[in-house]
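Subject: Structure handover

Hello,

Here is the structure for your files. My notes on it follow below.

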Amino acid sequence: MPDKDSNPLGFANPHSSAPCRIALIGFGTVGRAVAKILGESGSRALRLTHICNRNVERKKQPWVPNEVVWTDDVQSVLNSEADVVVELIGGLDPAEQIVRGALEAGKSVVTANKQLIARHGPDLLQLAARHGCQLEFGASVAGGVPVLPALRTGLCGDRLHGIAGILNGTCNYILSRIESARIPFSEALEEAQARGYAEADASEDLDGGDARAKLAILALAGLHTRVAPESVRARSIRTIDAVDFDYAAELGCTIRQISRADLKADTLFADVGPCLVPAGSPFGRVLRNLNLVLTSGQYGGDMAFLGAGAGGDPTAVAVVSDLMFVAERLSAGPGARGVAGRVFTPTISNDFETPWYLRFFVRDQPGILARLAEILAAHRLNIDAVLQKPGFDKAALPFVITLEPCRDSLLRPALEQMSGLNFSIRPCLCLPILR
Ligand SMILES: NC(=O)c1ccc[n+]([C@@H]2O[C@H](COP(=O)([O-])OP(=O)(O)OC[C@H]3O[C@@H](n4cnc5c(N)ncnc54)[C@H](OP(=O)(O)O)[C@@H]3O)[C@@H](O)[C@H]2O)c1
């Protein structure tokens with residue numbers, strides 16, 4: 001039988017045998033799962049001392065040890081002897097004040113809050129360093145997939161220049177359902193909502209806001225760049241039609257919401273939105289609500305991280321792993337310091353050079369292709385292929401033009417000119433093709 005200190009949550013503690021005291025703020029899906037893992041581990045290294053939630057009485061659980069203090073008073077937690085505060089309430093207000101208050105009180109913080117870290121991560125890391133504490137946020141991107149710890153420790157010896165990922169499980173569920181069942185977007189969204197994979201108002205997910213906040217955090221941890229999430233262009237998946245999967249398949253591809261960031265000198269090329277990806281590629285094979293992150297490094301080459309991007313238990317594993325890391329460093333004594341990270345503010349650009357997929361819905365009439373070709377030629381854009389499947393209603397005919405690689409900025413004026421054409425019955429759908 002292993003003794004308790006060699007259990008999965010135990011670790012060597014050469015300087016102190018005192019347990020690390022943990023205060024949990026936010027006892028919802030993830031908070032409950034964290035408390036459960038801590039309780040079931042029997043660890044002597046991590047001890048849950050406080051659970052704080054608004055209207056806390058209704059939250060009490062019989063399986064939580066009697067010595068844990070239940071409270072709805074955040075300030076009493078910040079004034080307590082807890083070594084680490086775990087912020088799991090989400091959102092910016094009051095989470096930001098709580099995290100700042102904890103760090104200023106000399107407590108390390110573990111959080112799963114992507115909005116908070118995407119907006120204030122660099123400042124909060126500096127605040128933590130000034131107070132000799134640590135701030136860990138491994139669960140804030142890709143839930144239980146340990147990509148952030150990998151970026152901050154396992155890959156920090158490399159010089160990373162690219163990160164790309166499927167970071168939003170809701171979008172991936174919807175796109176892979178349209179792909180497999182050829183159902184309309186609206187039906188796939190309703191199904192995702194009925195199964196609990198999408199919120200009633202899923203705009204943040206569908207329109208890319210969620211993914212670009214996560215991309216900003218990945219860029220902070222892996223590329224050491226300070227990126228305001230709003231500075232990254234986000235394109236919606238709402239415009240994807242079942243027919244786009246037919247045309248993508250003809251090109252050997254499928255469609256996924258991809259978040260990508262490429263660092264070239266002082267410019268960070270960044271974009272979030274639906275892209276064509278090869279059907280047999282790692283991205284093309286990610287189904288349902290899984291997450292995948294690929295990193296590219298100068299020395300180590302490409303790495304892949306795949307797994308459950310959400311859910312109480314997988315996310316709680318990431319939180320508890322952060323807690324173990326923090327506790328181990330605290331036990332190393334007063335010399336241990338949080339990592340402030342060297343960050344710089346790059347120029348943000350979405351001017352990627354790629355091949356493109358342009359899908360038109362038109363009212364059929366003679367001369368349509370000639371007119372489109374004329375506009376593309378006038379903008380010095382080269383057509384690679386024209387695809388038109390038979391059997392569609394001539395009043396709403398979908399067809400596709402693919403373009404040879406060109407910069408986004410060269411394509412936009414041509415799209416602008418095409419938007420005024422009288423045979424067009426929907427705006428042209430323009431997707432990068434990633435090879
Ligand atoms: N769930 C996931 O799969 C997942 C994945 C990755 C990251 N995360 C992140 O993890 C964090 C927690 O998510 P969750 O899913 O556990 O959320 P949740 O189920 O909504 O839990 C949040 C808890 O915080 C409490 N709370 C909210 N505002 C509070 C306040 N001002 N003072 C005190 N307590 C407050 C809520 O109380 P009430 O019961 O009164 O509302 C609730 O118990 C978020 O940052 C989220 O983005 C979650």
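Before the rest, the conventions. This is a predicted model, in which local features need pLDDT of at least 70, side-chain atom pairs count only at pLDDT 80 or more, and totals for chains, interfaces and linings use all residues. Residues are numbered from 1 along each chain as its sequence is written, and side-chain values use heavy atoms, with hydrogens and water left out.

Backbone

Arg 182 is not a glycine, yet has a positive phi of about 50 degrees. Arg 182 sits in the loop between α6 (169-181) and α7 (185-194). The element names refer to DSSP runs numbered from the N terminus: helices are H or I with at least four residues, strands are E with at least two. Asn 55, also not a glycine, has a positive phi of about 45 degrees, and is placed in the loop between β2 (46-52) and β3. The peptide bond joining Asp 93 and Pro 94 is cis, with omega about 10 degrees. Pro 94 belongs to the loop between β4 (84-87) and α3 (95-104).

Helix packing

Axes here are lines fitted to C-alpha atoms, for helices over the stretch in contact, and angles run from 0 to 180 degrees between N-to-C directions. The axes of helix α4 (residues 114-130) and helix α9 (residues 209-223) come within 8 Å and cross at roughly 25 degrees. That makes α4 roughly parallel to α9 (angles under 35 degrees count as roughly parallel, over 145 as roughly antiparallel, 65 to 115 as roughly perpendicular, the rest as oblique). Contact means heavy atoms within 4.5 Å. On the α4 side the contact is made by Lys 114, Ile 117, Ala 118, Gly 121, Pro 122 and Leu 125, and on the α9 side by Asp 210, Ala 213, Lys 214, Ala 216, Ile 217 and Leu 220.

Helix α5 (residues 147-154) packs on α9 as well, at an angle of about 20 degrees with the axes 8 Å apart. These two helices, α5 and α9, are therefore also roughly parallel to each other. Val 147, Leu 148, Leu 151 and Arg 152 of α5 meet Ile 217, Leu 218, Ala 221 and Gly 222 of α9.

Aromatic pairs

Rings of Phe, Tyr and Trp (its six-membered ring) pair if their centres lie within 6.5 Å; planes under 30 degrees apart count as stacked, over 60 as edge-to-face and the rest as tilted. The count by this rule is five aromatic pairs. In one of them, Phe 27 and Trp 70 have ring centres 5.3 Å apart and planes at 85 degrees, so the pair is edge-to-face. Phe 27 lies in the loop between β1 (20-25) and α1 (29-41) and Trp 70 in strand β3 (residues 69-71), so the pair ties together parts 43 residues apart in sequence. Phe 27 and Trp 70 are both buried.

Phe 360 and Phe 399 form a stacked pair, 5.3 Å centre to centre with 20 degrees between the planes. Phe 360 is in strand β14 (residues 353-362) and Phe 399 in strand β16 (residues 397-407), 39 residues apart. Phe 360 is buried at a relative accessible area of 2%, and Phe 399 counts as buried at 4%.

Ring pairs also link Phe 27, Trp 63 and Trp 70 into a cluster.

Regards

Notes
Buried < 20%, exposed > 50% of the residue type's maximum accessible area, 1.4 Å probe, protein only.
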